Amino acid sequence: MHAAAAKNITPAARCVIGLATVFAPMVVAAMEHPDAARPNSTPIVRRLLAEIAAKPHRPVRKELVWSGADVDGDGAADFVNPTGAAPRGHDDFGDGEFGARRDGGSRSHEGVDYTAIAGQKVAAPISGYVTKIGYAYSGSADLKFVEITNPALGYVARAFYISPGVEVGQTVRLGQAIGRVESLQGHYPGIIDHVHLEVMEPGGDRVNAAELITSKLVAKA
């Protein structure tokens, strides 16, 4: 290369030329002997693989995190999962999702069943006032529900199959314990114990709680 031309070469170009000078023989060797050119045959790659193999591989742990909808737009959740568990799936007594068939299809399920363990605490699904404590079934005094009304939002929530730990007129905060889960085995032997949650929007229509309380898997440190 002429001296004048060499002066016009940029530092970046010199770097490329230098790398080409170093690796060109390797490329030629790889073309002539492809079997010997496998990456794991080089000392550097072998060392890297050995280091990777020596490091303990910890499985990524994930947990289900529930989020409530922010219907008033203040940046805070307005709903919470009453049991912290997933909705009830299928069992001998049907499905726990909103709108599931009941009584041979003559009616639809008006709430969402959140699986639970008998005796565990039940969280208030919304903030507000306890406006009613009633019986889940007429003629049966062992299974009750707690109704909470939020005047600011206009929503009403009813949590069924619990032993109430609150009284009518009491103010409750979102997520506050309002009672404990009652076993359903005396009424439906073999059913998955759960809390039946009904949510009524302003106007009184029942809405799907699963659209207001959603979940996602999050990696746990």
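# Questions on a predicted model

Me: At 5% relative accessibility, does Ala100 count as buried or exposed?
Reply: Buried means under 20% relative accessible area, exposed means over 50%, and partly exposed lies in between (1.4 Å probe, protein chains only). Ala100 has 5% relative accessibility, so Ala100 counts as buried.

Me: What kind of model is this, and which pLDDT do local features need?
Reply: Residues are numbered from 1 along each chain as its sequence is written, and side-chain values use heavy atoms, with hydrogens and water left out. The model is predicted: totals for chains, interfaces and linings use all residues, side-chain atom pairs count only at pLDDT 80 or more, and local features need pLDDT of at least 70.

Me: How many helices and strands does the protein chain have?
Reply: Helices (H or I, at least four residues) and strands (E, at least two) are DSSP runs, numbered from the N terminus. For the protein chain, they come to 4 helices and 15 strands.

Me: Which residues does Ala100 touch, not counting residues up to four places away in sequence?
Reply: Ala100 sits in the loop between β3 (94–95) and β4 (101–102). Touching is contact: heavy atoms within 4.5 Å. Leave out residues up to four places away in sequence, and Ala100 touches Asp95, Arg107, Ser108 and His109.

Me: Which residue's side chain makes a polar contact with the side chain of Arg88?
Reply: Arg88 lies in the loop between β1 (61–68) and β2 (90–91), and it is buried, with a relative accessible area of 5%. A polar contact is a pair of N or O atoms within 3.5 Å; within protein, one must be able to donate a hydrogen and the other to accept it, and residues adjacent in sequence count only if both atoms are side-chain atoms. The side chain of Arg88 also reaches the backbone oxygen of Gly94 at 3.5 Å. The side-chain partner, at 2.8 Å, is Asp91.

Me: How far from a polar atom of the side chain of Gln120 is the backbone nitrogen of Ile117?
Reply: Gln120 is in the loop between β6 and β7 (121–123). Gln120 is partly exposed, with a relative accessible area of 21%. From a polar atom of its side chain to the backbone nitrogen of Ile117, the separation is 2.8 Å.

Me: Which residues touch the most other members of the largest nonpolar core?
Reply: A nonpolar core is a set of buried Ala, Val, Leu, Ile, Met, Phe, Trp, Tyr and Cys residues joined through side-chain atoms within 4.5 Å. The largest one has 26 residues, and the two that touch the most other members are Ile178 and Val199.

Me: Which element gives the most to this core?
Reply: Several elements supply at least two residues each, including β6 (112–115), β12 (177–181) and α4 (209–212). The top contributor, with 4 residues, is β10.

Me: How many bridges join strand β8 to β9?
Reply: Two strands pair if DSSP finds at least two bridges between them. β8 (residues 128–137) and β9 form a hairpin with 2 residues between them, and Gly139 in the turn has a positive phi of about 85°. Tyr137 stands opposite Ser140 in β9. The two strands run antiparallel, and the number of bridges is 7.

Me: In β10, which residue is the bridge partner of Lys144?
Reply: β9 is mostly covered, with 8 of its 11 residues buried. β9 pairs with β10 in the antiparallel sense over 7 bridges. The hairpin of β9 and β10 has 4 residues between the strands. In β10, the partner of Lys144 is Ile162.

Me: What is the angle between the planes of Tyr137 and Tyr161?
Reply: Rings of Phe, Tyr and Trp (its six-membered ring) pair if their centres lie within 6.5 Å; planes under 30 degrees apart count as stacked, over 60 as edge-to-face and the rest as tilted. The whole structure holds 7 aromatic pairs. Tyr137 and Tyr161 form a stacked one, 6.1 Å centre to centre, with an angle between the planes of 25°.

Me: Of this pair, Tyr161 has 10% relative accessibility; does it count as buried or exposed?
Reply: Tyr137, in strand β8, and Tyr161, in strand β10, are 24 residues apart. Tyr137 is partly exposed at 25% relative accessibility. Tyr161 has 10%, so it counts as buried.
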